[in-house]
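Subject: Structure handover

Hello,

Here is the structure for you to look through. My notes follow below it.

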Amino acid sequence: MKLIYPIALTKIKGIGPRTVRNIMDHCDNLADFFSYSKKELMQIPGVKASIADAVHNKTYLSACEKELAFIDKHQIKALWIEDKEYPDRLKQCDDAPLMLYYKGNDVLNATKVISIVGTRNATHYGQKICEDLIRDLNEDRDTLIVSGLAYGIDAVAHRNALKNNIPTVAVLAHGLDRIYPASHRELASKMLENGGLLTEFTSETIPERVNFPMRNRIIAGMADVTIVVEAAIKGGALITAEIANSYNRDVCAFPGSIYEKSSEGTNYLIKTNRAHMIRHAEDLAYVMNWEISKKNDVNQQLALPLSLTKDQESLFNLIHQNGQLELDQMIKLLNWPQSKLALVLLELEMQSLIRSLPGKVYKSEGSLQW
């Protein structure tokens with residue numbers, strides 16, 4: 001498929017992601033769409049007379065040719081929604097961009113994609129949270145950190161990802177012919193070495209206010225989980241979290257002081273069950289049911305705690321021998337009252353000997369040795 005056709009669709013006013021899906025369902029290929037008569041075009045759901053006129057007037061051609069020259073000159077990847085390199089998770093969203101423009105490494109479909117967002121006025125508390133979280137993720141291979149290159153938490157996330165050798169991608173609210181804010185130009189340049197810059201906007205698109213919510217939907221849509229580190233009650237971070245929830249993606253938030261405006265947003269997300277409360281990377285792994293490797297723990301073996309009771313040892317061994325067990329299975333096998341079982345499970349979990357999974361399932365963490 002010639003690249004000019006998908007670029008042309010993004011240049012015609014009134015054509016959005018849903019209309020393009022109708023076009024793709026109706027046409028064998030995009031070239032056919034541009035050869036249809038006005039009457040044929042208007043038979044496609046969502047294609048209005050103004051769109052049909054624009055197709056036939058070909059006023060978009062000069063802009064398309066200019067964009068093609070820009071892409072070629074700067075070695076930018078133009079990713080159509082059906083391309084293999086297009087972010088798989090984003091592709092699942094109904095309002096996913098038709099075209100993405102990307103400069104960087106092949107990391108968009110990493111095994112684990114984590115979006116980190118937050119206030120532009122990050123406090124020391126918020127910066128420390130972000131630093132610690134990303135530091136503890138640096139042993140976890142094939143992870144991508146996504147954010148928006150803004151001041152505050154975004155920049156902290158990108159910088160610490162680079163510091164810990166984790167690929168990081170910035171989603172921009174403008175074309176790739178500029179960097180906003182300009183003071184992050186050096187940071188953006190470093191990201192090209194381990195990550196990249198991504199946008200749905202063509203060159204010469206300035207960072208207008210309306211573009212930022214559009215940018216935020218990409219941040220939310222291309223990730224497995226969106227983490228809000230620190231945020232006020234109003235702002236882009238909460239918009240991103242709301243979009244992630246609408247996509248049925250996980251959202252996590254760090255709690256903060258009830259007296260700080262910079263934590264009003266995160267506390268609100270937790271209070272209203274819009275986000276899982278997390279404190280560190282281990283909480284994130286728990287929520288997402290991810291395995292995060294631990295330093296100096298190659299065999300994942302645990303020494304038998306001196307305080308382990310006979311009941312704790314019996315329950316641990318039962319779970320370990322089976323790999324993992326449902327709560328109902330344990331009740332039948334042990335014939336314990338549910339209140340006793342719940343207490344012993346909690347004691348083992350507090351000692352990091354077992355981990356609870358969704359569906360009232362418990363899994364052993366390593367093995368005991370004397």
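Which residues line the largest cavity? They are Arg120, Gly148, Leu149, Ala150, Leu172, Ala173, His174, Tyr180, Pro181, Phe212 and Arg215.

First, the ground rules. This is a predicted model, where local features need pLDDT of at least 70, side-chain atom pairs count only at pLDDT 80 or more, and totals for chains, interfaces and linings use all residues. Residues are numbered from 1 along each chain as its sequence is written, and side-chain values use heavy atoms, with hydrogens and water left out.

Confidence
pLDDT is the predictor's confidence in each residue, from 0 to 100. The chain has a mean of 89, and 94% of its residues reach 70 or more. Over residues 295–306, pLDDT stays under 50. The model has 20 contacts there beyond four places in sequence (contact: heavy atoms within 4.5 Å).

The cavity
A search of the whole structure finds one cavity of 30 Å³ or more. On a 1 Å grid over the protein atoms alone, a cavity is a set of points where a 1.4 Å probe fits but cannot get out, and lining residues have an atom within 4 Å of a point. Volume is the space filled by probe spheres set on the points, which are joined across faces, edges and corners. For the largest cavity this is about 60 Å³. Its lining has seven nonpolar, two polar and two charged residues (Ala, Val, Leu, Ile, Met, Phe, Trp, Tyr, Cys and Pro count as nonpolar; Asp, Glu, Lys and Arg as charged; the others, Gly among them, as polar).

Strand S4
Helices (H or I, at least four residues) and strands (E, at least two) are DSSP runs, numbered from the N terminus. Buried means under 20% relative accessible area, exposed over 50%, partly exposed in between (1.4 Å probe, protein chains only). In S4 (residues 143–147), five of five residues are buried. Thr143, Ile145 and Ser147 point one way, Leu144 and Val146 the other. S4 runs parallel to S3, with four bridges, and to S5 (residues 168–171), with three. Strands pair if DSSP finds at least two bridges between them. Val146 partners Ser115, and Ser147 stands opposite Ala170 in S5.

Helix H12
In H12 (residues 236–246), the buried residues are Ala237, Leu238, Thr240, Ala241, Ile243 and Ala244. They pack against S3, H11, S7, S8 and H13. Just after H12, Asn248 takes a positive phi of about 60°.

Leu3
Leu3 sits in the segment before H1 (4–11). Leu3 counts as partly exposed because its relative accessibility is 29%.

Best wishes

Technical notes
1 Å grid on protein atoms, 1.4 Å probe; cavity = no way out; pocket = protein on both sides within 12 Å on 5 of 7 lines; lining within 4 Å.
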